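Please keep the sequence and the model in view while reading.

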Amino acid sequence: MERTLSIIKPDGVARGVIGEVIKRLEKNSLNIIGMKMLRMTKAQAESFYAVHKEKPFFDSLTNFMTSGPVVVMVLEGENAIAKYREIMGATNYMEAAEGTIRRDFASDIEKNVVHGSDSPETAAFEIGFFFNSLEITG
């Protein structure tokens, strides 16, 4: 079984699509084994997205991710990373497949409702960033 991190971003929380995202996860055999709502500080967002520090969208991204609460989840399932990325859809919601979370709910490339890990190494870092072992039930 593989694990991945999911974040429902501030736009998804504000627009009230938490339940719809969770419904899609469960429908696709992704088990939630850790979940909490929090509001990141600017320093936390900068640390989490440090890989993008030199990119032109870094400040905008970290400002957005601190603009409201987020829901972070640890998902577990067969090929969880690839499966969740398929459910999310392309980063650019206009290029995302019909029926994906981003195609259905995103309003722009940054406000694209969800984040998901892109590799096992990234997933391990991202899960450890938000959760300790006592907070994961699987």
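Leu-25 is placed in helix α2, which covers residues 18-27; helices (H or I, at least four residues) and strands (E, at least two) are DSSP runs, numbered from the N terminus. The model is a predicted one, in which local features need pLDDT of at least 70 and side-chain atom pairs count only at pLDDT 80 or more, while totals for chains, interfaces and linings use all residues. Residues are numbered from 1 along each chain as its sequence is written, and side-chain values use heavy atoms, with hydrogens and water left out.

- Leu-25 counts as buried because its relative accessibility is 0%; buried means under 20% relative accessible area, exposed over 50%, and partly exposed in between (1.4 Å probe, protein chains only).
- Not counting residues up to four places away in sequence, Leu-25 touches Leu-30, Ile-32, Met-73, Leu-75 and Tyr-84, where contact means heavy atoms within 4.5 Å.
- Leu-25 and Met-37 lie twelve residues apart in sequence, and their C-alpha atoms are 17 Å apart in space.

**The chain as a whole**

- The chain has seven helices and four strands, which follow the pattern β-α-α-β-α-α-β-α-α-β-α along the sequence.
- Its radius of gyration is 14 Å, close to the 14 Å that the globule rule gives for 138 residues, so the chain is as compact as a globular protein of that length. The radius is taken over C-alpha atoms, and the rule is 2.2 Å times the number of residues to the power 0.38.
- Along its principal axes, the C-alpha trace spans about 35 × 35 × 25 Å.
- Of the 138 residues, 46% count as buried.
- Among contacts between residues at least 6 apart in sequence, 76% join residues at least 24 apart.

**The sheet**

- Four strands form an open sheet with antiparallel pairing, in the order β2-β3-β1-β4; two strands pair if DSSP finds at least two bridges between them.
- The edge strands, each pairing on one side only, are β2 (31-38) and β4 (114-116).
- Seven bridges link β2 to β3 (residues 70-77) in the antiparallel sense, and Gly-34 has Val-74 in β3 as its bridge partner.
- β1 and β3 run antiparallel and are joined by seven bridges; Arg-3 stands opposite Glu-76 in β3.
- β1 and β4 also run antiparallel, joined by three bridges, with Ile-7 opposite His-115 in β4.
- β1 is mostly covered, as five of its seven residues are buried.
- Helix α5 (residues 80-88) lies across β1 (2-8), β3 and β4, at about 30° to β1. Axes are lines fitted to C-alpha atoms, for helices over the stretch in contact, and angles run from 0 to 180 degrees between N-to-C directions.

**Aromatic residues**

- There are six aromatic pairs: rings of Phe, Tyr and Trp (its six-membered ring) pair if their centres lie within 6.5 Å, and planes under 30 degrees apart count as stacked, over 60 as edge-to-face and the rest as tilted.
- One of them is the tilted pair of Phe-48 and Phe-130, at 5.1 Å centre to centre and 50° between the planes.
- Phe-48 lies in helix α3 (residues 42-48) and Phe-130 in helix α7 (residues 120-130), so their pair ties together parts that are 82 residues apart in sequence. Both Phe-48 and Phe-130 are buried.
- Phe-48, Tyr-49, Phe-125, Phe-129 and Phe-130 form one aromatic cluster.
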